[in-house]
Amino acid sequence: MLLPLFIFTIVFVLGPLVYMVVLSFLQRAETWGVTNEFTFKNYLNILEPVYLSTFVESFKLAIISTVLIILIGYPFGYFMAKLTAKWKKRTMMLLMIPFWTSSLIRLYGWIIIFRANGVLDKILMALGITEEPLKVLYTYPAVVVGMIYALLPFMIFAVYSSAEKMDWSLVEAARDLGASRMRAFLTVTLKMTLPGLLSGIILTFVPSMGLFFIADILGGNKVVLVGSLIQDQLMKAHNWPFAAALAVVLTVITSVMIALYRKISGVKELEGIV
Amino acid sequence: MKKIIAMLLALALVVMSFAACGTGETAKTDGGEMVLYTWEAMFPQEVLDAFTEETGIKINYVNFDTDETMLAKLQAAEGGEYDLIIADDYIIETAIAEGLVAELDMEKIPSVGNVNPIYQGQFYDPDDKYTVPYGAGVQTIVYDPSVVDVDINGYSDLWDASLESNIGITSNYRVMNGMALKVMGESYNTEDIATIEAAGAKMLELAPNIRLIKDDNIQDDLLSGEIGAAVMYTSQVTMAMLANPELKVVYPDEGIGFGVMGMFVPSKAPNSEGAHKFIEYILDPEVSAQCFEYLGYYCTNKEADALINDEYKSFLTLPEDFSGDTEMIGNISAEAAEAHAKVWTEFKTATGN
């Protein structure tokens, strides 16, 4: 019974991964393609300051986005778990509906909002808050908004699914025993929802390292993330081995982060995605 | 009951599609078939129909989406299967080097003299033995004089401080680094690493003026006022100019670069005769003018220039007195290409800070 699954995994998961690793040790050919000479050059090339800086830039954006997503998503998921069953379903529905549209199309929606004399400018100018178009599109804040928008639901669902399962009588017990609201939250609620929060962090931080198309579309291609560098090297520079080496390093970094998460939380499965 | 209706409808659809096939067959096609292999939407349908009408040769139009796909398919077919291919200059150079392209029989193409000599004798086919150009992309600057305070006459004007955060560019780094090379008086195709790095340093000075870098629909940003000036592809210039004729198209003082799409016959084309007839047919000035107005690329047929509608003239034909330098971007060594990619990444990073 399991055989088809094994074959599938080998062909479509392991195969490409091995191909990528092998590719990362080859040399690029003169015009396009690769030659079969073994080299470490591609990995050494990553140490060039300009290419290292794309990793730093990716981390910076991922951290900023994740922190903001926690600040918005944790309270959202927490209060959602306290709603009545009917409203839980409705809220869930409202969160799911945007996913029925292609994420690319939803991003273009943000362009319409952010563009010069777009929806945002019209509202702000009508209210007399600004006098000239803000020109938010193609700036860093626009990219951050796009990242939050794309990844927020993952945090909400992860926190919600832990808070849902929580035994609220424990919080009551803490309060009965004299803990302040804050203390009860910190010692009971936060601890019990920690697995959800951590998996939410993984589910937002890891993809945000790779969601370069958001930076490309809303940031006007000016924020160079590892993902966009890989794309440039592959599609524009035709330097497949270097692109493969970058992809291998990115894969290793994200794997390490997931391993760390497992170690810290002691959980084997990511919360909120089943 | 519902099921029966659905079945009947499905049946009706099938019958209708057969009927549609039937009408297609009525054109007389005793001249055999010709396989035309190129991108989508390269010719107006009327031109293809008229060719079939005149010669009796039926055209089987097959599409590819990238030059690389075309080369891979042509390699697999060992130069057979296709009769006429239209693709970009640099890939034709590779195809010729691999022996996949047949020499053209110029006696069958008397109208080849109509081709604008500016686009001939280029790196991919120095003696014009294998190809006939079909459309060119010319790198121009387009700007909106109502929002830009300086007169832009060349690439060097883009460095003007008044254009801060007001320029859009495409992401072809050979073209964009090439602007700096041109300002420095160098060739697009220099393989000297120090020169490429110097161009990179020059590009860093341009970074504060760059508001966005993108390939798709950059003309929208120019039209909506997001940017005041842009360096863009010809098809985008066409769309921008049609939407706002007040925009200005600039042929940079430093000289222009361009890319050419060429028609060629593969080495083992089954119907090489038909392919030659097609090239000759397309070179007719009136047919050419019709094609280029549809295609939105620069007219490579000098005799057709005069026939192009005035509305399109300023961006589909070079000015009559054009005498500037021209240079095409060709393939360069792997080291030089890597140096370009690196300074481009440095430049992009700088635009974000």
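Select B:I141 first: its bridge partner in β8(B) is B:V231. Strands here are DSSP E runs of at least two residues and helices H or I runs of at least four, numbered from the N terminus. This is a predicted model, in which local features need pLDDT of at least 70 and side-chain atom pairs count only at pLDDT 80 or more, while totals for chains, interfaces and linings use all residues. Residues are numbered from 1 along each chain as its sequence is written, and chains are lettered from A in the order in which they are written.

Next, show the whole sheet. It is open, with five strands in the order β7-β6-β8-β5-β9 of chain B and mixed pairing. Which strands stand at the edges? β7 and β9 (248–250) of chain B do, each with a single partner strand, so one side of each lacks a neighbour in the sheet.

Now select the contact between the chains, where 23 residues come from chain B and 21 residues from chain A; contact means C-beta atoms, placed from the backbone, within 7 Å. On the chain B side, β7 (210–213) and α12 (334–351) each supply at least two residues. The largest share, 10 residues, comes from α12(B).

Finish at B:F292, which touches B:G135, B:Y297, B:C299, B:A304, B:I308 and B:L316, leaving out residues up to four places away in sequence.

How values were computed: Two residues are in contact if their C-beta atoms, placed from the backbone, lie within 7 Å. Two strands pair if DSSP finds at least two bridges between them.
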